[in-house]
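Good morning, colleagues. Please take a moment with the sequence and the model before I comment on them.

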Amino acid sequence: MKRTLRILLAVLGVLVALIVVAVIALPLIFDPNDYKPQINAAIERQIGREVNISGDIGLSVFPWLGLELGRVEVANAEGFGDKPMAEMNSAEVSVKLLPLIQRDIEVGTVTLNGLRLRLARNADGRSNWADISEHLSEGQAEAEEAEQTEAPDDVDTGTQTEGGFTLESLQIGAIDVSDAAISWRDETTGADYRLTGVRLGTGRLVDGQPVRLEFSGDLAAPEEDLAADFNLVARVEPNIADQFYRFSDMTLSVLATGEGVPNGKQQASLSGNGEYDAAEGRLKLSGMTFQGAGLNVTANVDGIGLNDKPAYAGRVTFKRFDPRAVMNELGMDAPATQKSGALSSAGFDAQFDINNDRAEFKQILATLDESSLKGSARVENFERPAFKFDLDLDQLNVDDYLPPGSAEQAQSEQPAETGGGEKQKAAEIDLSALKDLRLNGQLSAGSLTAANIEVTHAELTVAARDGVLTIEPLTADLYDGNVRVSARVDASRDTPRYAFKGNLNGLQFEPLLKDVADTDRVAALANMSVDVTSAGKQVASMKRALNGNLSFDLRDGAFNGFNLAEVIAAARTRLAGDEVGSDDGGIGSDEQTPFNRFAASFSISDGVLAGKDLNLVTRVLQATGSGSYDLADNKLDYTVAAMVPEDSSGKLADLAGLQVPIKLTGNLLSPDYSLDVKTALRGAAEKRLQEESDDLKNKVREKLEERGKKVDADTRARIEKGLNSLLGGSSKKAAADDGTDSASTPAAPAEQGEGGDAGVEAENRAGENNEAAAQENAQSPAQ
């Protein structure tokens with residue numbers, strides 16, 4: 001037995017010696033360069049493309065089985081130019097020989113220098129490597145078919161390679177790629193990207209063990225006039241058997257320059273950790289941080305279903321940043337704002353959940369200066385998006401972000417012509433965005449200021465579907481009152497239709513006017529109601545189609561800046577030819593017209609507002625009014641009748657019991673007005689004349705009744721006829737009034753004379769009054 005063992009060992013020793021001698025002698029007696037044509041042909045058969053190994057081929061056998069290649073070129077596909085699709089200056093790879101006996105693959109450093117890879121896609125969409133892929137796929141299919149035929153059904157090859165080697169047994173000393181360049185040109189999109197100066201270096205690669213990786217290069221995009229230097233460093237841990245890969249301490253730095261880069265130059269970095277499970281289709285990114293352009297963004301992401309239906313969830317945070325500084329970094333001019341400190345601080349934080357069908361943001365916290373927004377938002381069905389949100393804003397002053405002077409301009413500028421210019425009338429309102437809009441949301445605001453108007457506790461519910469936008473309701477508190485509004489826009493028809501309904505209750509009108517127009521012309525507790533509909537594509541047609549009702553009711557207030565009673569009295573004074581003092585015209589900052597109520601209602605038909613129930617009750621006088629306003633043509637035609645009380649004294653004594661018409665015409669927001677005191681006075685004179693005439697008639701009739709039996713019928717008839725002729729009365733009416741018969745006993749002559757004296761007195765008094773009225777009218781200037 002021992003002899004046999006010695007013989008076997010001797011034979012084994014001889015065999016090993018022969019192998020060592022053969023390995024040493026092989027490179028000396030075998031030159032692979034002699035077989036370049038055969039090698040080229042073999043590679044060409046595999047890839048279907050011409051290959052040219054113009055450099056030397058070096059071969060070493062012990063202790064490493066090594067291969068060195070000089071310059072190698074792979075021809076480009078037809079129609080993609082004369083330059084090779086791929087070429088390299090040199091490459092080197094070696095495998096340790098003895099571990100192969102144990103089916104372990106221990107590779108030394110893999111080096112690749114001067115790689116040039118030119119990838120392209122032509123105008124037809126075919127790439128220059130498509131034919132290579134097709135040849136390799138055909139060969140792979142044939143190999144798999146042969147393997148399935150030879151291998152038993154119950155054998156699971158797993159990660160085992162041909163020859164019994166496993167990927168887990170693969171070890172690579174290092175990878176060193178230097179001076180590489182890759183280009184990509186796509187004629188279908190015009191894209192042109194070039195990666196140059198590429199370097200890839202790793203440490204020892206062993207399955208399941210971490211390794212340091214460095215990757216750097218220069219990226220250029222000539223069409224975008226952009227160039228970028230990048231450098232990636234990470235600690236990578238591959239687990240090939242489980243298809244699980246982890247990276248940590250990753251840092252990617254980028255320095256971009258060029259006209260296509262904001263501000264001409266930008267520097268940014270990305271760092272973090274992550275892991276990828278290819279078998280499960282799961283990705284996890286943690287501690288991801290992006291820094292650049294004044295922003296600091298952190299994120300954590302969990303991705304699942306990447307092999308089938310990918311879904312991502314996580315959290316993203318924009319740490320507090322200065323928006324003005326960010327805009328400056330990006331080469332943008334920060335807008336000038338009314339508030340100098342506006343746009344100085346912002347931030348964002350939210351959880352997100354995104355898949356192929358929807359994207360949702362939860363626990364949103366967005367901040368801008370002193371304002372913060374909380375809530376949630378989501379969008380479903382990206383092909384036909386449906387938006388949903390529920391947001392709560394604590395406070396926001398929109399005016400702070402408007403250009404300087406906007407508030408003062410809004411308060412001081414002249415009112416616009418409500419009729420609109422020709423361009424405005426003809427402009428068509430584009431509601432196409434509503435056609436496919438699907439929206440359902442709620443928004444609340446603790447305090448909101450816009451156009452100097454401040455509202456509090458505002459709540460809005462909005463919905464849109466099938467071309468119909470509905471706001472119901474919008475509620476808010478403002479200036480000690482509250483408002484409730486509902487609106488509807490129906491863009492589903494060829495001619496859009498609109499509806500608006502609102503109520504405003506208990507609003508303090510003076511502070512509202514002060515904030516909006518910097519005036520305190522009216523102070524009152526205001527109530528208003530509006531319920532209107534319209535239709536049309538242009539502003540002009542919408543005005544013409546306006547229908548509905550409008551009303552307002554102002555209580556316990558005052559018109560500041562004028563005294564209506566004084567204005568009427570001054571007009572009366574000027575009409576009489578007298579001068580009015582500067583302090584007696586009723587107009588001035590100290591003047592005021594207090595009122596108990598100022599109310600009116602209007603019906604709206606085809607864009608014309610009509611009303612006849614205006615009611616103004618002041619401490620001195622009352623007024624009624626009626627008229628119309630044509631919204632489309634901006635034409636006002638309204639008459640206010642101010643009624644002077646019977647017991648008025650002082651400056652209004654001459655107008656006591658009269659109605660003074662005030663005519664309003666022209667533009668609604670800056671109307672022309674006139675007080676027709678002359679007509680009022682003429683009416684007063686006629687009224688007094690009629691009263692005095694009636695008084696004289698009554699006195700004459702009383703005398704006739706007292707002397708009825710003494711005055712004969714002819715005398716009595718002549719007296720009645722004279723009175724009627726002088727005073728415009730009716731003999732029949734007089735006869736009926738006095739209740740006497742025409743055949744009464746004639747009066748005594750003396751009494752007849754008394755009756756005649758009464759008629760003369762009536763005639764004289766009437767003549768005096770008519771003369772006075774005529775003289776006053778002749779002296780009165782036109783108002």
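I begin with a term: a residue is called buried under 20% relative accessible area, exposed over 50%, and partly exposed in between, with a 1.4 Å probe and protein chains only. What we have here is a predicted model, in which local features need pLDDT of at least 70, side-chain atom pairs count only at pLDDT 80 or more, and totals for chains, interfaces and linings use all residues. Residues are numbered from 1 along each chain as its sequence is written, and side-chain values use heavy atoms, with hydrogens and water left out.

First, confidence. The pLDDT, the predictor's confidence in each residue from 0 to 100, averages 81 over the chain, and 75% of the residues reach at least 70. Residues 1-5 remain under 50 and have 0 contacts beyond four places in sequence, a contact being heavy atoms within 4.5 Å. Residues 7-23 are likewise below 50, with 3 contacts beyond near neighbours in sequence. Where pLDDT is low, the predicted coordinates should not be read in detail.

Next, the overall architecture. The chain has 13 helices and 35 strands; these are DSSP runs numbered from the N terminus, helices being H or I of at least four residues and strands E of at least two. Of its 783 residues, 32% are buried. Among contacts with a separation of 6 or more, 52% join residues 24 or more positions apart.

Let us turn to the interior. A nonpolar core is a set of buried Ala, Val, Leu, Ile, Met, Phe, Trp, Tyr and Cys residues joined through side-chain atoms within 4.5 Å. Which members of the largest core touch the most other members? They are Leu554, Ile568, Phe598 and Leu616, out of 51 residues. Helix H9, residues 564-575, gives the most to this core, with 6 residues. A second, separate core has 11 residues, among them Val51, Val74, Met85 and Met88.

I come now to charged pairs. Side chains of opposite charge can pair when their charged atoms come close. With a salt bridge defined as a side-chain nitrogen of Lys or Arg within 4 Å of a carboxyl oxygen of Asp or Glu, the whole structure contains 27. In one of these, arginine 315 meets aspartate 349 at 2.6 Å, N to O. Arginine 315 lies in strand S18 (residues 311-321) and aspartate 349 in strand S19 (residues 346-355), so the pair ties together parts 34 residues apart in sequence. Is aspartate 349 buried or exposed? Aspartate 349 is buried, at 16% relative accessible area, while arginine 315 is partly exposed at 28%.

Two further pairs deserve mention. Arginine 493 and aspartate 490 form a salt bridge at 3.6 Å, N to O; the arginine is partly exposed at 43% and the aspartate buried at 8%. Arginine 555 pairs with aspartate 553, their closest N and O atoms being 2.9 Å apart; here arginine 555 is partly exposed at 34% and aspartate 553 buried at 15%. Finally, Arg71, Glu73, Glu87 and Arg118 are linked in a network of salt bridges. Thank you.
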